[in-house]
Amino acid sequence: MKEIGVVILNWNGVKMLREYLPSVVDHTPSSLADVVVADNGSTDDSLSMLRSEFPSVRTISFSENLGYAEGYNRAISELEHEYKYVVLLNSDVKMADDCITPLYRFMESHPDAGAAQPKILSLCEPDKFEYAGACGGFLDRHGYPYCRGRIFDTVEDDKGQYNTPIKVFWASGAALIVRTDLFLRAGGLDKVFFAHMEEIDLCWRIQLLGKEIWAVPSGKIYHLGGGSLPASSPKKTYLNFRNNLLMLYKNLPKHPGKALLIRRRLLDTLAWVKFVAAGEWENAKAIIKAHNDFRKMRGAYSSQPKSNLLNVDVNIVFDYYIRARRKYSELRN
């Protein structure tokens, strides 16, 4: 039995699979891991193409599109007793070398590690970090995410400055190795989120179970990114603001969580003002909708943890916009 299932979720992505799957197959050590494509009810030629062009790739087929989170949840549930680890890998990832083995060796030698990511570089600009995950992610005191290598819209060149492994708050779902039993024990990905921040939420819950999240830059991938929604999309704005509020509400203790959410609403109002001033009316409306829907949806989470894992001093909004600290290395660590 192999140790790892490298799981790629697909929906009508035959072109994407043809483009990027060859590099994954070529650089995934067959003695250690299987490449598994979980198909979300595709109506294109994805499955027939996989059978004819990638016979070594294992497939799991669902009769309908379950969405990103539930698609992965269902696939990993089916693989529960077959692999010690699963790697959630986006379909727009290219491998230039074996990033699976370094991640595996790290997890094996660090029993407290629950999940980890490699270094994530931009496929379009290979000398730069990729926006979604870069070299490991954090949350500031107000729950805003940032990364080693990317803060808000500032993305750094990779010059080896973040090549040491480091314990982080969250790892990117673009390439995430996680202990299979722990993924399921933590409840998997929250399907209510639909898209965006679901991996940060998962990493938070993994830490509440007593395990750590790491960035392991000895492995690297190249990620296209932005394939589902462009950065300027009002829908992406809506999902990011709504899901961030839901994540804070469900993962913080009740009283500090309540106080933080009040501050966040004030800060989100400033973001709304910024969009209005720029004439970005649809993004401004997306923030209002996100807050309205958050109030409707938060009742689905009936309990909060007792441990406050967001006990940090970094105020990324103040550091970035007032102090002009645009790089992770310039922050107070």
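Both faces of strand S1 are covered in this predicted model: Ile4, Val6, Ile8 and Asn10 on one side, and Gly5, Val7 and Leu9 on the other, are all buried. Buried here means under 20% relative accessible area, exposed means over 50%, and partly exposed lies in between (1.4 Å probe, protein chains only). In a regular strand, side chains alternate between the two faces of the sheet. S1 spans residues 4-10, and seven of its seven residues are buried; strands (E, at least two residues) and helices (H or I, at least four) are DSSP runs numbered from the N terminus.

Residues are numbered from 1 along each chain as its sequence is written, and side-chain values use heavy atoms, with hydrogens and water left out. Because the model is predicted, local features need pLDDT of at least 70 and side-chain atom pairs count only at pLDDT 80 or more, while totals for chains, interfaces and linings use all residues.

S1 has parallel partners in S2 and S4, where pairing requires that DSSP finds at least two bridges between two strands. Seven bridges join S1 to S2 (residues 33-40), with glycine 5 opposite aspartate 34. Between these two strands the chain passes through helix H1 (residues 14-27), and this β-α-β crossover is right-handed; that is, with the strands pointing away from the viewer, the path from the first strand over the helix to the second runs clockwise. Five bridges link S1 to S4 (residues 85-89), and here isoleucine 8 faces leucine 89.

Helix H6 (residues 198-208) is also mostly covered, with ten of its eleven residues buried. Among them are Ile200, Leu202, Cys203, Trp204 and Ile206, as well as Glu198, Glu199 and Arg205. H6 is followed by glycine 210, which has a positive phi near 95°.

What of the cysteines? The structure contains zero disulfides, a disulfide being a pair of cysteine sulfur atoms within 2.5 Å. Cysteine 203 is in no disulfide, as the nearest cysteine sulfur, that of cysteine 147, lies 11 Å away; cysteine 203 counts as buried because its relative accessibility is 0%. Cysteine 124, by contrast, counts as exposed at 58%, and its sulfur is 17 Å from the closest cysteine sulfur, in cysteine 147, so the two are too far apart for a bond.

Finally, valine 273 has its place in helix H8 (residues 254-277) and is partly exposed, with a relative accessible area of 42%.
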